[in-house]
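Subject: A structure for you to look at

Hi,

Here is the structure I promised to pass on. Have a look at it first, then read my notes below.

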Amino acid sequence: MATTVVTYSGDGSTTAFTYSFDSLSDTYVVTTVTDANSADVTGNFTVSLDYDTSTVTLTPAPAVGESVEIKRATSIGDDIFSFPA
């Protein structure tokens with residue numbers, strides 16, 4: 001089974017985070033940053049994705065106590081799969 005979620009802890013200096021799962025496009029790779037109270041603070045960051053190297057870069061660096069979650073997310077409404085009868 002492939003891992004489709006990776007979590008990192010902020011250290012105040014690291015800005016580049018990698019993931020090892022495949023996705024159909026960069027739009028299916030979702031990055032969320034939460035603070036020590038589990039509040040979503042992603043809006044405080046600029047998130048850049050290099051799809052070719054599977055690297056997410058955050059500016060500024062997440063602080064100690066913040067968590068970075070990178071996951072693959074697809075919606076059933078995207079209708080990207082078809083299965084034969």
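To start, in which strand is Thr 32 found? Thr 32 is in strand E3. (Strands are DSSP runs of E with at least two residues, helices are runs of H or I with at least four, and both are numbered from the N terminus.)

A word on the ground rules: this is a predicted model, where local features need pLDDT of at least 70 and side-chain atom pairs count only at pLDDT 80 or more, while totals for chains, interfaces and linings use all residues. Residues are numbered from 1 along each chain as its sequence is written, and side-chain values use heavy atoms, with hydrogens and water left out.

**The overall picture**

Of its 85 residues, 26% are buried (under 20% relative accessible area; exposed is over 50%, partly exposed in between, with a 1.4 Å probe and protein chains only).

**The sheet**

Three of the strands make an open sheet in the order E1-E6-E3, with antiparallel pairing (two strands pair if DSSP finds at least two bridges between them). Strand E1 (5-9) and strand E3 (29-34) stand at the edges with a single partner strand each, so one side of each has no neighbour in the sheet. E3 and strand E6 (residues 67-72) pair in the antiparallel sense over six bridges. One example is Val 29, whose bridge partner in E6 is Arg 72.

Back to Thr 32: is this residue buried or exposed? Thr 32 counts as buried, because its relative accessibility is 19%. Leaving aside residues up to four places away in sequence, Thr 32 touches Asp 40, Thr 42, Ser 67, Val 68 and Glu 69 (contact means heavy atoms within 4.5 Å).

**The aromatic rings**

How many aromatic pairs does a search of the whole structure find? It finds two (rings of Phe, Tyr and Trp, the last by its six-membered ring, pair if their centres lie within 6.5 Å; planes under 30 degrees apart are stacked, over 60 edge-to-face and the rest tilted). Tyr 8 and Phe 17 have ring centres 5.1 Å apart and planes at 50°, so this pair is tilted. Tyr 8 is partly exposed at 25% relative accessibility, whereas Phe 17 is buried at 3%. Tyr 19 and Phe 21 also form a tilted pair, 4.7 Å centre to centre with 35° between the planes. Tyr 19 is buried at 6% relative accessibility, and Phe 21 is buried at 6%.

Cheers
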